[in-house]
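Here is a short briefing to read alongside the model. Please keep the sequence and the 3D view open as you go.

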Amino acid sequence: MINVLFICLGNICRSPIAEGVFKALVKKKGLDHIIQCDSAGTGAYHIGSLPDKRMRKVALSHDITLTHQARQLSFEDFINFNYIVAMDQSNFENIRKESFRAHGFYLPEDQLYLYRMFDPERGEAVIVPDPYYEELSAFDDVYEIVERSGNAFLNFLIEKHGLTKEKSYQEI
């Protein structure tokens, strides 16, 4: 099983939509028996909360229902997830620091990524912008970014692991 964890600050906007979109993409490719994902935040601001209502509205307009309850990144996540994907540089650095505190080493470069690095239309941008203090259109923009990034990231995993619909758990 390949486990992916999406991380933002509060786990109510960017990382839950990244999780929801990625799950839908994985299911569409028929790989949900091989790839699973979750999301978390580096901060403890919204633990137990549903995603922001604006993000849920945008997700629903794309036939994705977000039911994830916000949680904070834990020490166990560094063991349980093969890939940890940050929405921005600040969270990327926080993840690195927490992995060092948890286990005495930084995550390897092939385990921790900035999600936007997979966006084929990113130009110079390297972060998924936080829409929390913005208008609804910013949430739509984030959806578009995570969908593009998700497609590219999924293709990366498929190629890296030689995945097909039929590939069994033992072959990973």
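Strand β1 is mostly covered, with 7 of its 7 residues buried; buried means under 20% relative accessible area, exposed over 50% and partly exposed in between, with a 1.4 Å probe and protein chains only. Helices (H or I, at least four residues) and strands (E, at least two) are DSSP runs, numbered from the N terminus. This is a predicted model, in which local features need pLDDT of at least 70 and side-chain atom pairs count only at pLDDT 80 or more, while totals for chains, interfaces and linings use all residues. Residues are numbered from 1 along each chain as its sequence is written, and side-chain values use heavy atoms, leaving out hydrogens and water.

**Strand β1 and its partners**

- Ile-2, Val-4, Phe-6 and Cys-8 point one way from β1, Asn-3, Leu-5 and Ile-7 point the other way, and all are buried.
- β1 runs parallel to strand β2 (residues 35-41), and 7 bridges join them; two strands pair if DSSP finds at least two bridges between them.
- In this pairing, Cys-8 stands opposite Gly-41 of β2.
- From β1 the chain crosses through α1 to β2, a right-handed β-α-β crossover. Right-handed here means that, with the strands pointing away from the viewer, the path from the first strand over the helix to the second runs clockwise.
- β1 also runs parallel to β3, joined by 4 bridges, and Phe-6 stands opposite Val-85 there.

**Asn-3, a polar residue in β1**

- Asn-3 lies in strand β1 and counts as buried because its relative accessibility is 17%.
- A polar atom of the Asn-3 side chain lies 3.4 Å from the backbone oxygen of Asn-80. Such a polar contact is a pair of N or O atoms within 3.5 Å; within protein, one must be able to donate a hydrogen and the other to accept it, and residues adjacent in sequence count only if both atoms are side-chain atoms.
- Leaving aside residues up to four places away in sequence, Asn-3 touches Gln-36, Asn-80, Phe-81, Asn-82 and Tyr-83, where contact means heavy atoms within 4.5 Å.

**Helix α4**

- The 15 residues of α4 (residues 89-103) should span 21 Å at 1.5 Å a residue, and the end C-alpha atoms are 21 Å apart, which agrees. The expected span is 1.5 Å times one less than the number of residues.
- Asn-91, Phe-92, Ile-95 and Ser-99 are buried in α4. Seen down the helix axis, the buried residues of α4 fall within an arc of 105°, so they line one face; the arc is that of the directions from the axis to the C-beta atoms.
- Among the elements covering these buried residues are β1 (2-8), α1 (14-28) and β3 (83-86).
- At the start of α4, a side-chain oxygen of Asp-88 reaches to within 3.2 Å of the backbone nitrogen of Ser-90.
- Gly-104, with a positive phi near 80°, follows α4.

**Helix α5**

- α5 (residues 136-161) has 26 residues and reaches 37 Å from its first C-alpha to its last, close to the 38 Å expected.
- The buried residues of α5 pack against β1, α1, β2, α2, β3 and β4.

- Most residues other than glycine have a negative phi.
- Asn-11 has a positive phi near 65°, sits in the loop between β1 and α1, and counts as buried at 0% relative accessibility.
- Asp-63 also has a positive phi near 65°; this residue lies in the loop between α2 (53-60) and α3, and counts as exposed at 75% relative accessibility.
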